[in-house]
Amino acid sequence: MRNPSDQSEPPAPQPVHAYPDHWEADVVLRDGGTARIRPITTDDAERLVSFYEQVSDESKYYRFFAPYPRLSAKDVHHFTHHDYVDRVGLAATIGGEFIGTVRYDRIDAHGRPAAAPADEAEVAFLVQDAHQGRGVASALLEHIAACARERGIRRFAAEVLPANTKMIKVFTDAGYTQKRSFEDGAVRLHLDLEPTDRALAVQRAREQRAEARSVQRLLAPGSIAVIGAGRTPGGVGRTVLRNILESGYTGRVHAVNTALPDAPTTLDGVPAYRSVTGIGEPVDLAVVAVPADHVPSVVAECGDHGVRGLVVLSAGYAESGPAGRERQRALVRQARSYGMRVIGPNAFGILNTADDVRLNASLAPQLPAAGRIGLFTQSGAIGIALLAGLHRRGAGVSSFVSAGNRADVSGNDILQYWYEDPGTDVVLLYLESIGNPRKFTRLARRTAVAKPVVAVQGGRHSGSAPPGHAVPATRVPHATVSELLRQAGVIRVDTVTELVDVGMLLAGQPLPAGPRVAILGNSESLGLLTYDACLAEGLRPLRPRDLTTSATPDDFRAALAAALHDENCDAVVVTAIPWVGEQGSTEPQAEGEVLAEALRAASATAPAKPVVVVHVELGALADALAAATSTAPAPEPAGPAHPADPGTAAPPARANGEEPDGSAPHPPAGDRAARPDEDAPPPAPDGAPDHGTVPASEGPVPPATGGTDGGPDRATPPVHEALRPEAAPSAPGADASPSAGARCRPTRRRHRPNGPRPPDAAPPLRPGPFRRAGPRRHRTRPPTRPDVPTPRHRTLTARPPATRRPTRTAPTVPPATPAPLPAAGPPDGGRSACAPSPGSRRDSRATTAPRAVAGRTGTTRRTPTARAPRARRPTVHGPGRLDPPPQTPPGSTARRHPPPPATTARPPGAPVPSAPARSPTAPTPTGHVGPPAPGTSPPTPPPSGRSAPSPRR
């Protein structure tokens, strides 16, 4: 561009627009350094003059087409005053000083200054000689073109001397559509600013080279300074210094501590200094391990000394709150102003296993083995887990980066580096947030074409990024992120373990040629699971081949070799469990080594197909099987089988009736009751555990393990007894309590498994819950069934109840002979003669008569009862039949409910009697279960006018 004084006078001044702060940007230069691009303001006059003085005369001649040693005041004013619409100037700065400038002036068709709607502008560049070749001009051209498009400018015009080949190359390599002409001894260039595919490709290629180079400078530094290394062993700084030295780092190492004396000294055998500025040689990387309050001064010293990158291990930034977040932003701005990139803060460190580097600038105790896996995490804890998992599996890594709060260097930068890194074949990512999803998708898609990318996302369902990550808060669903990764070609896994497994598979096995998968192993179940998993992932698995559990390593080798040589197979999955030979199972470690050797030998015959092995290790399998099938009795305890102290609870019984001490079980309770000459055990004392009874509908009670329910273990009957149909409990009968007012304490008892109960045996207890005298237990246990065997036999014992109202019983009604049913239904609305009287305690609930026993088959019949009327019109039913109440067996035990009246059993084959018809308003005497007999008077109701309770269901 020619001298500004040669230009014609501009038109009338245009109104000055606000400073466009959104044009400010940090860029990564070609060599990996950073620079800040921003608009030039009126306060930059001195910086402009200082910058121009450092430019060579040749560069000034190329810029102004004539010798121009210094800028006049008019020139300085012209270059620093802009309206940011028709005249715009940008500057690239490092450390606050200009290293390059670019400007455009809107012109008309004749090349004179103009205003909108003119859509063409003249552009010119000037870069310091010390920074030429770093890509400063290319970065400035990209940004000034974006600003021009925003202001309505569509074309750039530039005049370049033919000798200025560097500038001509910048325009040519930009990728814009251009026209070139030669006029008046200069090359006239016209560039169309509309983005083209080539222009976008050029920009992205420049971006990739710059960012990859910036990460490469961090992972392969020529010299390192550990700032904050303590004078005594321990601490973060001293630990990192020791790890760097023990890893065999090939570069130079320096220690920095402000508490060191001025005299030369050493720490762990390396030179130590009070400040970075005291180091007499360049430093490429500084590891900062000082408190957060001292980091700004350290960064300033590093910038003044020319340090290229920082790894900040210090905490106390955005993860600590708003103040820390502002401190983190200031750290990044300060570091970028000096052209430095930052890993962290709150980082775990970096690793590089290359032979010419061998760097362990992290808190990991040792450098992992060299490998082909690149590992990036945003969490130090997950980084430790991944490194440990890879180390246990014998896998190595090429490089490792734990970005911490990733205020500057992120996963996008690491992807740019691994894309062209020849030492990395597989990329593993642990992501907690994605700061620039659009760019990440683009980079991941491009990287996945060259090498596989595997990612696991943390915090999938929290909907927020970690506190230390400076990313916009979004509520993107997890399904959206998963679809984004899938479209980018990223292999998404759910856990860290899967991340390690997939990484090892991709790093050690070739890619399959197709979806056909052969499955073989010595476990049919594992083979079927593998078959289903392959189908779920869209593969085409072949029928699993079961080698049976007796398969040996030789069988595995032969089967694998045959599968690999099958043309219909693209990959093989081997499932293996420990096998049991003639002499028992081998040791797990030796077993795995033998099997691994056999599989390696088979896979070597067809190295082009991948082989995946799923080996289930079961340690001491033979011992476990021998213990499970052992029939030896357990050793008897030293004490007696039954405690002598009656206050001691009885030991729990086995589920099969065996006593806990291994002795034979006691005879069933039915046998004990049948032999009254044997002494019965004493009743349980107060406070002993009372297990209650179980209703017939509840079934057996499962045994408790170790009293986990808060009480002693329960016993469960044998299967043949628990499932055998038993006689249902009979209807309540005569009270079996020894004295008036005494209550029966029911106990669990054992019955004979088969055959009828002896006549003199104690009658079974009626089902239903009970409450015993004495203090309440802290937990009510479910009742037990009377026909379920119990661990200890007991007899019915009477215990006077606590202070409570006496039990009321209804008088027994003599049996009544029912009359035959009439032709029509009863005029009382269908109520049965056994319904309770209106106004009684149970007049609003339908009752069910007790079940009748029909031999030993367990078949029962219920007598339906009607519902008491409630001021509604009676319903006339058709003819029907009602069975009489079942016969009540003599000697049955009643607890608190009154016995029902005795009835006469109907002989087999006799006609069913009918209930007599009566008035709907005729009351039923209390306690009746059927119509009164002819010539009898209703019984006297119980005191207080309350009816006796009906039998419980």
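Guide: Start with pairing: two strands count as paired if DSSP finds at least two bridges between them. The model is predicted. In β6, R155 is the bridge partner of E120.

Visitor: How many bridges join β5 to β6?

Guide: Strands of a sheet pair through backbone hydrogen bonds, either parallel or antiparallel. Here β5 (residues 120-127) and β6 (residues 155-160) run parallel and are joined by three bridges.

Visitor: In what order do the strands of the sheet lie?

Guide: The order is β1-β2-β3-β4-β5-β6-β8-β7, eight strands in an open sheet with mixed pairing. Direction ignored, neighbouring strands are turned by 25 degrees against each other on average.

Visitor: Which helix packs on the sheet, and which strands are touched?

Guide: That is α4, which touches β1, β2, β3 (87-94), β4 (97-107), β5 and β6. The direction of α4 makes about 35 degrees with that of β4.

Visitor: Now the pockets. What is the volume of the largest pocket?

Guide: Rolling a probe the size of a water molecule over the atoms shows where empty space is left. The largest pocket has a volume of about 2200 Å³. Its lining has 47 residues, with D501, L505, V611, V612 and V613 nearest the centre. By class, 28 are nonpolar, nine polar and 10 charged.

Visitor: And which residues lie closest to the centre of the second largest pocket?

Guide: They are D26, E207, E211, N436 and K439, out of 50 lining residues. This pocket has a volume of about 1500 Å³. In its lining, 18 residues are nonpolar, 12 polar and 20 charged. Helix α6 gives the most, with seven residues.

Methods. Residues numbered from 1 in each chain as written. Predicted model: local features only at pLDDT ≥ 70, side-chain atom pairs only at ≥ 80, totals over all residues. Heavy atoms only, no water. 1 Å grid on protein atoms, 1.4 Å probe; cavity = no way out; pocket = protein on both sides within 12 Å on 5 of 7 lines; lining within 4 Å. Points joined across faces, edges and corners; volume = space filled by probe spheres on them. Nonpolar A, V, L, I, M, F, W, Y, C, P; charged D, E, K, R; others polar. Helix = DSSP H or I, 4+ residues; strand = E, 2+ residues; numbered from the N terminus. Axes fitted to C-alpha atoms, helices over the stretch in contact; angles between N-to-C directions. Contact = heavy atoms within 4.5 Å.
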